[in-house]
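Biologist: Got the model open. Can you walk me through it, piece by piece?

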Amino acid sequence: MDTIITDNSLKGKMITLFGENLRSNFSSDSEHIRSIRLQAIERFRELGFPSPTEEKWRSTNLGKTLMLEYVQHFAPLEKDIDVRKVFQCEVFDLDTILVAQYNGWLVNKGETLTSLPNGTVIGSLADAMRQYPEIFEKHYGKYADMQHDGLNALNTAFAQDGLFIYVPEGVTVEKPVQIINLIDLKENFFVQPRNLIVLEKGASLRLVHCDHSLRHKESLINNVSEFYVGEGAYLDHYKIQNKDNSSTLITTTFFHQERESRVSTNTIVLHGGVVRNNISVKLAGEYAEADILGLYLVDREQHVDTHVHVDHAVPHCTSNEMFKGILDDQASGVFNGHILVRREAQKTLAYQNNRNLLLTDKARIHTKPHLEIYADDVKCSHGATVGQLDPEAMFYLRTRGIGEHAARMLLMYAFAAEVIGKISIQALRERIDELVAKRLRGELTICDQCVIDCREKRPVSFDIDLSKI
Amino acid sequence: MPSNEQDRILENVTSGEYKYGFVTDIETEVAPKGLNEDIIRFISARKEEPEWMLEFRLNAFRQWQQMKEPQWAHLRYPEIDFQDIIYYAAPKTKNTLSSLDEVDPDLLETFNKLGISLDEQKRLTGVAVDAVMDSVSVKTTFQDTLAKQGIIFCSFSEAVRNHPDLVRQYLASVVPVHDNYYAALNSAVFSDGSFCYIPRGVRCPLELSTYFRINTAGTGQFERTLIVADEGSYVSYMEGCTAPQRDENQLHAAVVEIVALKDAEVKYSTVQNWYPGNKDGEGGIYNFVTKRGICKGSNAKISWTQVETGSAVTWKYPSCILLGDNSVGEFYSVAVTNNHQQADTGTKMVHLGRNTRSTIISKGISAGKSNNSYRGLVRIGRKAENSRNFSQCDSLLLGNQCGAHTYPYITTENRSSVVEHEATTSRISEDQLFYCNQRGIDTEKAIGLIVNGYAKEVLNKLPMEFAVEAQKLLSISLEGSVG
């Protein structure tokens, strides 16, 4: 990964495509959306695709990915797809409101926008853009920072469909909402889904976001999500990524938090070719709280890059970051956590922790826990470790007659459990727990080659005689 | 205690004055302002340098012209006009000095004011001092004593004249000419500095010391230090810097290179106290320094200790390349910024050999409207099996107008190494103050006590002579009255 592209052919192509679509597929846009698109393409023209000479991309090179030829669809190919026929969710016994995104377009048994009795609207961003222009005027494009990020600008220029959720004031959505993002095409494919989730004052939502690929052609996904979490609202967010080796997945998620709101977001990367997750949290109202957690388990040639940016803009907010990674084979990982405490943000509490295990001499990790602090009455700390399994714990297990392999598994499982344990949806936690155990045993990689069949349920078991412990 | 009173005391504490702001009226010979090949030839000719040295400079200058000023640091300063700087200023001396008596009495007076009277030092402490004023090395004391052991400690120009083979072998071997913008600039125009060679198996009996001072207005200081510790040798090296108070900004771009061969140990201590500018951020030194050491052989050790209290802008990353197996790198730093000072400082530990170990302890203290950043890199290469790094960078904020930042980069490429990084940011807590007050220690004293305690871990690593000075400096930088 050392090719640096200066003149990017994909960039020129995207700008041409934009011009073409402006007259056709984007012609029905409202004036508001249109003006955002134009600003965005202008910004993209200036910024272009990120290159490793940029500080934020120094350890992830998209060079090869951007050199490929991609097919893009600016109108849905198939109209009615029953997602359950092509894909069975990994969290199958989880009772959720299921929405699916198929090759970038929302498919939901023919109905793209569902209104629940309590006023909640869930469905296609494309339809919502037309039906709820006032919500879009208030929130769309307001939280995603496209000034400093070319990919984000590009997404904003081309955004057509994605997930839209609106939860009215004081409403709690009882069932978790689950969105499954599937890529199932025979060609190399480039898609840019866009999500907007608005939680009004005192609303509450649990959202599980899964990314999958069904076929194994090169795919490039540039996903941008905006979350507005109103005063006293609660959002519980999970992102589960299980992509194949030939995919490049870039997700950028913005959380805007108002007073006394709470966000818990958990990103779990089980498999992927190149994965880049940008998580940006703005604590814009006092007493807001954010828990930002993540786990990445990668092997072979995979590359996972996590960038977290927490902006403490007002006093009395709390943020808590915990990211853990296990890297096997030649896998490489990047963690970049940035906490910004502005001058006004006194009484801030901000914690950050990144811990990594390298299992081979070829695995690699770059970590940069970064604090930028302008207020004095704050408590901020960060820690980062890279290392092996605790030799003393290993010794303890070995003295109890546990084989080296089993002991390693047990310790790695315990290492990951700290993040998994924080998942508050029980069925999901159990399922992830099982997936991680499988993943650590090396079984998930095989299973992943046929994502479709995940039905088989096996209890988590380690090759350990527990009576000896 | 009411918070406004606390604020007032804090303000007093954080508004101390610079006490080294005097100018010595010494006749100097200065080059015309500006930078071009002629100036470089002028410097080289003045110093009676051999042809290869001039070539080295010109090559560096040509590379420098191709380079861009780095913008990545968390620093804000107006663009530097490199053509508005005097690149060479030397105290006028007629002959080569052979004893202290021949030194200009004004110059001696300067060093007396600095509290490092050559005379005193010579007699009482037995420290060998090489004093560099503006650009030229003024006097190296104790040369004879050192020579008996085969130790070479002299000004850089002398080394170029008398030990060209050693200089050629090691010059730019640790910091290549094109390493960075300021290193290239220094390579082109450096005017003097110190050279030190410790032969095989020799434990240097004295602490070697260099004192730097910028005296002439409008000058830049570009000194170059090269320390070579041959197999099994040991040396402790100290460096101090001051400058007079001036309104305009002055530039200081130094390069320090250390080579530690098998089993050698080098301890490098710095107390940097360049003029930091006045309370409104006017004037002060721009300090862009490249310091790097390489542990070439196995079991070598390089230890950097720095107390950074001066300069308007500091850009400095003393680093260790741990090439030899079992080699050790250490970095201990206290950086204090006050008023409008800005510091972006830290270290790089590059682990290449097996079983290499490094420790980083960095304590940042920011007050006034200053910004203080720690920027560090720990890189464990694939072959650096069983390597170990521990980093701790703490920041202390005094007042609510300042900033403290950390940018640690950690890259690990093998499974047997362990890297730990910790950082905290805090202020002096009310509990701590209350505890001191309750035992009859007033708030001003308590702040001094706490700050000194906070930095103790690093101050303890300094050689005796420096530790006392550093503690005082720490107080002057922050106080008014803190002791």
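Modeller: Let's begin with two helices of chain A. A:Ile36, A:Arg37, A:Ala40, A:Ile41, A:Arg43, A:Phe44 and A:Leu47 of helix 2 of chain A meet A:Gly150, A:Ala153, A:Leu154, A:Thr156 and A:Ala157 of helix 7 of chain A. Contact here means C-beta atoms, placed from the backbone, within 7 Å. Helices (H or I, at least four residues) and strands (E, at least two) are DSSP runs, numbered from the N terminus.

Biologist: How do the residues of that contact between helix 2 and helix 7 of chain A divide into nonpolar, polar and charged?

Modeller: There are 8 nonpolar, 2 polar and 2 charged residues. Nonpolar covers Ala, Val, Leu, Ile, Met, Phe, Trp, Tyr, Cys and Pro; charged covers Asp, Glu, Lys and Arg; the others, Gly among them, are polar.

Biologist: At what angle do the axes of helix 2 and helix 7 of chain A cross?

Modeller: Roughly 145 degrees, and the axes come within 8 Å. Axes are lines fitted to C-alpha atoms, for helices over the stretch in contact, with angles from 0 to 180 degrees between N-to-C directions. The crossing of these two helices is left-handed. That term applies if the near helix is turned anticlockwise from the far one by less than a right angle; clockwise is right-handed.

Biologist: Before we go on, what am I looking at, and how is it numbered?

Modeller: It is a predicted model: local features need pLDDT of at least 70, side-chain atom pairs count only at pLDDT 80 or more, and totals for chains, interfaces and linings use all residues. Residues are numbered from 1 along each chain as its sequence is written, while chains are lettered from A and ligands numbered from 1 in the order in which they are written.

Biologist: Now chain B. At what angle do helix 2 and helix 3 of chain B pack?

Modeller: About 155 degrees, with the axes of helix 2 (residues 37–46) and helix 3 (residues 51–66) 10 Å apart. That makes the two helices of chain B roughly antiparallel. The cut-offs: under 35 degrees is roughly parallel, over 145 roughly antiparallel, 65 to 115 roughly perpendicular, and the rest oblique. Helix 2 of chain B passes helix 3 of chain B in a right-handed crossing.

Biologist: Which residues make the contact between helix 2 and helix 3 of chain B?

Modeller: Helix 2 of chain B gives B:Glu37, B:Ile40, B:Arg41 and B:Ser44. Helix 3 of chain B gives B:Met53, B:Leu54, B:Arg57, B:Leu58 and B:Phe61. By class, that contact has 5 nonpolar, 1 polar and 3 charged residues.

Biologist: Back to chain A, and its strands. Why is strand 9 of chain A called largely enclosed?

Modeller: Because 9 of the 10 residues of strand 9 (residues 204–213) of chain A are buried. Buried means 20 or more other C-beta atoms within 10 Å of the residue's own; exposed is 12 or fewer, and partly exposed is in between, with C-beta atoms placed from the backbone.

Biologist: And which strands does strand 9 of chain A pair with?

Modeller: Strand 6 (residues 177–183) of chain A pairs with strand 9 in the parallel sense over 7 bridges. Strand 11 (residues 234–242) of chain A also pairs with strand 9 in the parallel sense, over 9 bridges. Pairing needs at least two DSSP bridges between the strands. A:Asn181 has A:Asp211 of strand 9 as its bridge partner, and A:Leu205 has A:Leu235 of strand 11.

Biologist: Where does the hairpin in chain A come in?

Modeller: Strand 3 and strand 4 of chain A form a hairpin with 5 residues between them. A:Gly119 in the turn has a positive phi of about 100 degrees. The two strands pair in the antiparallel sense over 3 bridges, and A:Thr114 stands opposite A:Ile122.

Biologist: A:Arg300 has a positive phi too. Is it buried or exposed?

Modeller: A:Arg300 is exposed, with 12 other C-beta atoms within 10 Å. Its phi is about 45 degrees, although A:Arg300 is not a glycine.
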